[in-house]
Amino acid sequence: MQVDQFESEVESLSVQTRKKKGDKEKQDRIDELKRLIERHRYHIRMLETILRMLDNDSIPVDAIQKIKDDVEYYIDSCQDPDFEENEFLYDDLDLDDIRERALKIHSEDAFLSSGAKSSPYGLSPAVLF
């Protein structure tokens, strides 16, 4: 919802800025909104990945409980002037390791479908995503 609001404001400010060339304050606001949109989309992608992993039992609920407060803080306070984002929010979940395993499994699954019998992990990419 915030992303939609930000995009709407960017569009409105862009139209106003085109009419009045050189409005530095509006251009700064547009840049800030674009940065916020990018950050929101990043968090949305990460949370969607976590949700899929949770649905597929490839991540324990306890691990997600650890980041809950930080996610809620981001949602509630990301527009505050003194907000400081936790850049390491998802690091404890080892999402990169899981993605790497999924890519390896996907390539092995392609190999299996060409005639091999089993995966060393016993999983398919559908289990992870």
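Trainee: What is the mean pLDDT of the protein?
Mentor: This is a predicted model, and its mean pLDDT is 75. Of its residues, 67% reach 70 or more.

Trainee: Where is confidence lowest, and where is it highest?
Mentor: The lowest confidence falls in helix 5, residues 125-128, with a mean of 38. Helix 3 has the highest, at 90.

Trainee: And which stretch has pLDDT below 50?
Mentor: That applies over residues 116-129. Beyond near neighbours in sequence, this stretch has 26 contacts in the model.

Trainee: Turning to helix 2, how far apart are its end C-alpha atoms?
Mentor: They are 46 Å apart. This agrees with expectation, because 32 residues at 1.5 Å a residue should span 46 Å.

Trainee: Which residues of helix 2 are buried?
Mentor: Among them are I30, L33, L36, I37, H40 and H43. Further along helix 2, M46, T49, I50 and M53 are also buried.

Trainee: Why might residues three or four places apart point the same way?
Mentor: An α-helix has 3.6 residues a turn, so residues at that spacing face the same way.

Trainee: What comes just after helix 2?
Mentor: D57 does, and it takes a positive phi of about 55 degrees.

Trainee: Now the largest pocket: what is its volume, and which residues lie nearest its centre?
Mentor: Its volume is about 210 Å³. Of the 12 residues lining the pocket, Q2, H40, I44, Y74 and I75 lie nearest the centre.

Trainee: Which helix gives the most to that lining?
Mentor: Helix 2 does, with 4 residues. Helices 1, 2 and 3 each supply at least two.

Trainee: Are the lining residues nonpolar, polar or charged?
Mentor: The lining has 9 nonpolar residues, 3 polar and no charged.

Terms used
Residues numbered from 1 in each chain as written. Predicted model: local features only at pLDDT ≥ 70, side-chain atom pairs only at ≥ 80, totals over all residues. Heavy atoms only, no water. 1 Å grid on protein atoms, 1.4 Å probe; cavity = no way out; pocket = protein on both sides within 12 Å on 5 of 7 lines; lining within 4 Å. Points joined across faces, edges and corners; volume = space filled by probe spheres on them. Nonpolar A, V, L, I, M, F, W, Y, C, P; charged D, E, K, R; others polar. Expected span 1.5 Å × (residues − 1). Buried < 20%, exposed > 50% of the residue type's maximum accessible area, 1.4 Å probe, protein only. pLDDT = per-residue confidence, 0-100. Contact = heavy atoms within 4.5 Å.
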